[in-house]
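I opened this notebook page to record a check of the backbone.

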Amino acid sequence: MNDIRELARSKMSICKACKECNGIVCAGWTPGCGGKGNGSTFIRNVAKLKEVCVNMNVISSNEKLTCETDFFGSKVSLPVYVAPIGNIFVHYGANMSEYDYTKALVDGVGKDTIVFTGDGQNIDVLMEPLKAVDDGWVVPTIKPWQNDEMKKRIDMIKSSKCSVCCSDIDAAGLTALKTGYPAVEFKDEKALKEIVEKANMPVIFKGIMTKDAAIKCMNAGASGIVISNHGGRVLQDACSTIEVLEEIATAVNGKMKIFIDGGFRSGSDVFKALALGADGVLIGRPFSIAAIGDGANGVRKYLDKIHEELKETMMMCGCRKISDINRDCVRVSWR
Ligand SMILES: Cc1cc2nc3c(=O)[nH]c(=O)nc-3n(C[C@H](O)[C@H](O)[C@H](O)COP(=O)(O)O)c2cc1C
């Protein structure tokens, strides 16, 4: 990964591809790759994961280990997905088109997992990545545009090969998208319901940080949520995502899929989220650095690293399949 980071550094004018991607160097770089304001939310996402320990437990069978799981009817090799990141040129200062970026991700992960793609005021940010769709293994993530634009973009997604879509409703807080055309807006429960009905396919709402918001998504008919604070890019001084996971998972009680992102950097971080109630984890910036640095090859190497680390953690904690991972597998030090 050192070589890939080195390559990425030579191809980006903004992101420094730090050894530990933790939000400290890039605090306040939005637009850019960092967290909003003082960068505290991005920094906290990474820091709080370190306060969860995995419980080593070696008395177990020698049954073959698998990380396989289901994503809305598709089998994936591990419950780790690529988070949607749009506008690579603007945020990383990398001379890579949206299509080439997504193609590197899709080719890099192959059939092992799924790539979420981003959106922007320029419709190419949504549509260019969709050209890299291979048998529907891309989940387009639309911004919460005002109604007519939202409907128009949902129709475009429906005419692609995608079978699941997402909306990052927390993007209503992205300063750069509040003005100009199209503009983002906040969505209430009724508006969420309209999105679900219009999409007519499983819809995931991304940017959920409370149990109240999770229940509203559930009432609106969502098939899943991503517990996310947009990688700390929409609000400073917010909770980290790992801190709110268990409370939300308890409220949702298995009635909807729960994904999470923000600061996940290793297979053991993924294991911690699964133990606290997540069905899967999205990883953002490290996949961008891998794709910019060494294209599909970099992405494959990073995914393999996460996969190996997850397998090792499962093996050493007495788990042989994803469903073996439970609350007893971790200890949380903040309460
Ligand atoms: C440069 C950049 C651009 C992003 N663009 C989008 C986007 O278009 N849509 C979206 O839903 N989230 C976007 N995100 C948020 C990510 O999907 C994800 O929530 C976050 O990056 C996860 O944190 P991590 O990067 O620390 O893993 C963006 C994040 C970054 C850093």
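**Backbone entries**

I began with Phe-72 and located it in the loop between strand E2 (69-71) and strand E3 (74-76). The model I consulted is a predicted one.

I then looked up the backbone angle of Phe-72. Its phi is near 45°, which is a positive value in a residue other than glycine. I also read the exposure of Phe-72: the relative accessible area is 25%, so this residue is partly exposed, since that class lies between the 20% and 50% cut-offs.

I found Ala-17 in the loop between H1 and H2. Is Ala-17 buried or exposed? I noted a relative accessibility of 0%, and Ala-17 therefore counts as buried, the cut-off being under 20%.

I then went through the cis peptide bonds. I recorded one from Thr-30 to Pro-31, where omega is near -5°.

Where does Pro-182 lie? I traced Pro-182 to the loop between strand E7 (165-168) and helix H7 (189-199). The peptide bond that leads from Tyr-181 into Pro-182 is cis, and I noted its omega as near -10°.

Conventions
Residues are numbered from 1 along each chain as its sequence is written. This is a predicted model: local features need pLDDT of at least 70, side-chain atom pairs count only at pLDDT 80 or more; totals for chains, interfaces and linings use all residues. Side-chain values use heavy atoms; hydrogens and water are left out. Helices (H or I, at least four residues) and strands (E, at least two) are DSSP runs, numbered from the N terminus. Buried means under 20% relative accessible area, exposed over 50%, partly exposed in between (1.4 Å probe, protein chains only).
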